[in-house]
Amino acid sequence: MSRLVKILCTAILISLLLPAVAEEIAVYTIADTTGDWGYPSPYLHYSRGPGYVRMSFIFDTLVWKDQNGFVPALAESWEYLEGENAYLFNLNPNVKWHDGEPFTANDVVFTINYIKDHPYQWVDSSIVDRAEKIDDHTVKIYLAKPYAPFLDQVAGTLPILPEHIYSDVTNPEDFQDPKALTGTGPFKLVDYDKAQGTYLYEANEDYYQGAPKVKQLKFVKLSSEMSGPALKRGEVDATAVPPEVADELRGSFVVLEGAHDWLAKLMINHKKEPFSDVRFRQALAYAIDREKLVEIAQRGYGVPASPGLFAPDSEWCNPDVEQYEHDPEKAGDLLKEMGYVKKGDFFEKDGNTLEVELLVTSSNERAGEIIKNDLEEAGIKVNMRSVDSKTLDNAVNEWNFDLALSGHGGMGGDPAILNKVITGAGFNSARYDDPELSDLLKREIAEMDPEKRIELVNEIQEVYARELPALPLYYPTNYWAHDGKVDLFYTKNGVGSGVPIPLNKMAFLA
């Protein structure tokens, strides 16, 4: 073998043994149908999942998740101290804030104290009793009570704030200043245009987990109809796409199919009659054909919802709950039990026609029409009104509605989501004050034994399916397509506390 051949073989062998160097990407563009999700600071991002994701590129949490589960973030390691009901976190000593200031345990202690005075919308501050600095890179967080999902719902969701900036901020909801975006994350915000719904980030070259391979990350507003063509033309690199478009793109692009983590449901104003009567809510369940909703409104791309909230393919789903198979006659029987009498097409009571208003948005009008037709077939007159999503959310939040077609992600995350969507505050929750459910929910999140916790989750689903403070309808099958430049993935149990969007910041690192 000649000397030249030996040299070439050695060079090839070395190149194979060396780790691959990630190819840098100058600009990576992501399309979004809504556009504006709020100023991406912890206190100003909009409270739905895309808003949290926008913020998560800038701010880090103690722990994070990838496609397999928990991974280190600001904390290199952690352990649960059962005797103290506390978590000990060993912090990464190489972290710096975007302005160059060192990150220390003081920032963690400060953040825990700060959210007690200034609640952060995604984390229940009452879970934590206190945080204690052991040294600059070690912190111990004591829980107020046993809390099984702490790593997921608090340590993996709460953005840590810089003490040297936020210590002087008394109204964080009004703090829209470049300093408000001083984080430790892999990206910094360069530009935000609320009117256009665009965001531009640049890489944090000093990121403690390595400089991102994507140098600029851009979000643009684009309709779902235009997303596929824009991807084909190379104008965007990644986008959510309608199912039929996903089918067309397979082979030329990478297509990701999401788990059934997003739940469409009928919000019910159970604070007023007749919705306060459980028989009326059960009548709604019998009247609405959930399979038809999937078949027509979702064009077959989805799964009918379980009345117990979790999707049939979820590890937490209780398949034995009452299913309320489509039965308009049974719905009518329940209404008759309540004193309604069928006259003509609709039921009446005391001379008044049984009439309700259904709020929908432009994105779910087709489903709304099906629900309207089903309810009217069962004898309930429906006035359907289309509003924008924020108006609908506000109406639900203020109890200024009858029925509203809405939904949320997070159903693929920890069962703690049940506390948020059954008894929690806000438009995503049924806000149902029921002693039996409240007791079960408190016991479930405090149960540290996994098997016993599953039993409680099953029981919660049974009671919920009986009470139906809000009616689960279907889980759409969502698709994302991308050009393969970045290996996007769906996070195990969702980004943060369960966001089912394949835009985990870890994908953009080298």
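In which loop is Asp60 found?

View 1. Asp60 belongs to the loop between α2 (49–56) and β2 (63–65); helices (H or I, at least four residues) and strands (E, at least two) are DSSP runs, numbered from the N terminus. The model is predicted, so local features need pLDDT of at least 70 and side-chain atom pairs count only at pLDDT 80 or more, while totals for chains, interfaces and linings use all residues. Residues are numbered from 1 along each chain as its sequence is written, and side-chain values use heavy atoms, with hydrogens and water left out. Asp60 has a relative accessible area of 1% and is therefore buried (under 20% relative accessible area; exposed is over 50%, partly exposed in between; 1.4 Å probe, protein chains only). Apart from neighbours within four places in sequence, Asp60 is in contact with residues including Leu74, Leu158, Thr184, Tyr207 and Lys505, where contact means heavy atoms within 4.5 Å. Its C-alpha atom is separated by 8.9 Å from that of Leu161, 101 residues apart along the chain.

View 2. The 13 residues of α11 (residues 365–377) should span 18 Å at 1.5 Å a residue, which agrees with end C-alpha atoms 18 Å apart; the expected span is 1.5 Å times one less than the number of residues. Buried positions in α11 are Ala367, Gly368, Ile370, Ile371, Lys372, Asp374 and Leu375. These buried residues pack against α8 (278–287), α9 (290–297) and the strands β18 (355–360), β19 (381–386), β20 (403–408) and β21 (470–476). Just after α11, Gly379 adopts a positive phi of about 100°.

**View 3. Leu375 within α11.** Leu375 lies in helix α11 and is buried, with a relative accessible area of 0%. Leaving aside neighbours within four places in sequence, Leu375 is in contact with Leu284, Ala287, Ile288, Ile380, Val382 and Leu403. The C-alpha atoms of Leu375 and Ile288 are separated by 6.6 Å, although the two residues are 87 residues apart along the chain.

**View 4. The pairing of α8 with α10.** The axes of α8 and helix α10 (residues 328–337) come within 7 Å and cross at roughly 165°; axes are lines fitted to C-alpha atoms over the stretch in contact, and angles run from 0 to 180 degrees between N-to-C directions. α8 is therefore roughly antiparallel to α10 (angles over 145 degrees). Contributors to the contact include Phe280, Ala283 and Tyr286 of α8 and Ala331, Leu334 and Leu335 of α10.

Technical notes
Parallel < 35°, antiparallel > 145°, perpendicular 65-115°, else oblique.
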